[in-house]
Amino acid sequence: YFNGTGGSTDDKDLSIQFHDDFNIHSNFTVEFWMYPLDTTTGGLFDGRRTGTGGDYTFLIWDGGLIKANSFNQNFDGSITLGINQWHHIALVNSGGTATIYTNGVANSTTDDWTNTSCLLSGESEVYEGTDYMTIGSYYEGSNNFKGFIDSFRITSTAVYTGNFTVPNTRLSATQSNQGTNIADIASGATK
């Protein structure tokens, strides 16, 4: 549960220490289930290092829409999602074409990510042990999401290639033969 208030409480966001495994410079998928409790703007995932530039990706919940940004290349979803219900969200980058999928439907696509294919901060080195990506807020702890996020998964595979039937079980580290427009995930691809 993310309380949406920020501050020093334990339930404001989840910070995960950077590791080289997260420095993905090719195809990737970020996906999770979310249950928003209101429509207040809140960060869902942020791969920026505190106070740095470089390539990165982040997702925002804003008034019922999912929005994505990668090093100032923005695109917004067009499907308004309701509160107090679960939604499956996936951001897929495949060769510089990024797509937001909501509940298995392509919500928005841009071909403008060709120069920005890095999932996390694209600085020349990742400072393991000192830098973090966040779930549930922006990197500096602002714009906190209010609701639940579950089954968060990052893979170095463009998992979804078109509209798909959303998983009805927990997301796993590997998968095969999951259905139309769903790629297999090999061992080691899930970060």
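## Overall composition

The accessible surface of the protein chain comes to about 8300 Å², computed by the Shrake-Rupley method with a 1.4 Å probe, where for residues only the protein chains shown count as cover, and 43% of this surface belongs to carbon and sulfur atoms. This is a predicted model, in which local features need pLDDT of at least 70 and side-chain atom pairs count only at pLDDT 80 or more, while totals for chains, interfaces and linings use all residues. Residues are numbered from 1 along each chain as its sequence is written, and side-chain values use heavy atoms, with hydrogens and water left out.

Of the 191 residues in the protein chain, 49% are buried (buried means under 20% relative accessible area, exposed over 50%, and partly exposed in between, with a 1.4 Å probe and protein chains only). The secondary structure comprises zero helices and twelve strands, where helices (H or I, at least four residues) and strands (E, at least two) are DSSP runs numbered from the N terminus. Among contacts (heavy atoms within 4.5 Å) between residues at least 6 apart in sequence, 65% join residues at least 24 apart.

## Nonpolar cores

A nonpolar core is a set of buried Ala, Val, Leu, Ile, Met, Phe, Trp, Tyr and Cys residues joined through side-chain atoms within 4.5 Å. The largest has 22 residues, of which Phe 32, Met 34, Leu 44, Leu 59, Ile 66 and Leu 91 touch the most other members. At least two residues of this core come from each of S3 (28-36), S4 (42-46), S5 (58-62), S6, S8 (87-94), S9 (97-102), S11 (132-135) and S12 (146-155), and S3 supplies the largest share, four residues.

A second, separate core of nine residues includes Val 92, Tyr 101, Val 159 and Tyr 160. Returning to Met 34, its contacts beyond four places in sequence include Leu 44, Trp 61, Ile 66, Trp 86, Phe 145 and Phe 148.

Beyond four places in sequence, Lys 67 touches Phe 58, Leu 59, Ile 60, Asp 62, Phe 75, Asp 76 and Ile 100.

Asp 76 belongs to strand S7 (residues 73-76) and is partly exposed, with a relative accessible area of 39%. Leaving aside neighbours within four places in sequence, Asp 76 is in contact with Ile 66, Lys 67 and Ser 108, and its C-alpha atom is separated by 7.3 Å from that of Leu 65, eleven residues apart along the chain.
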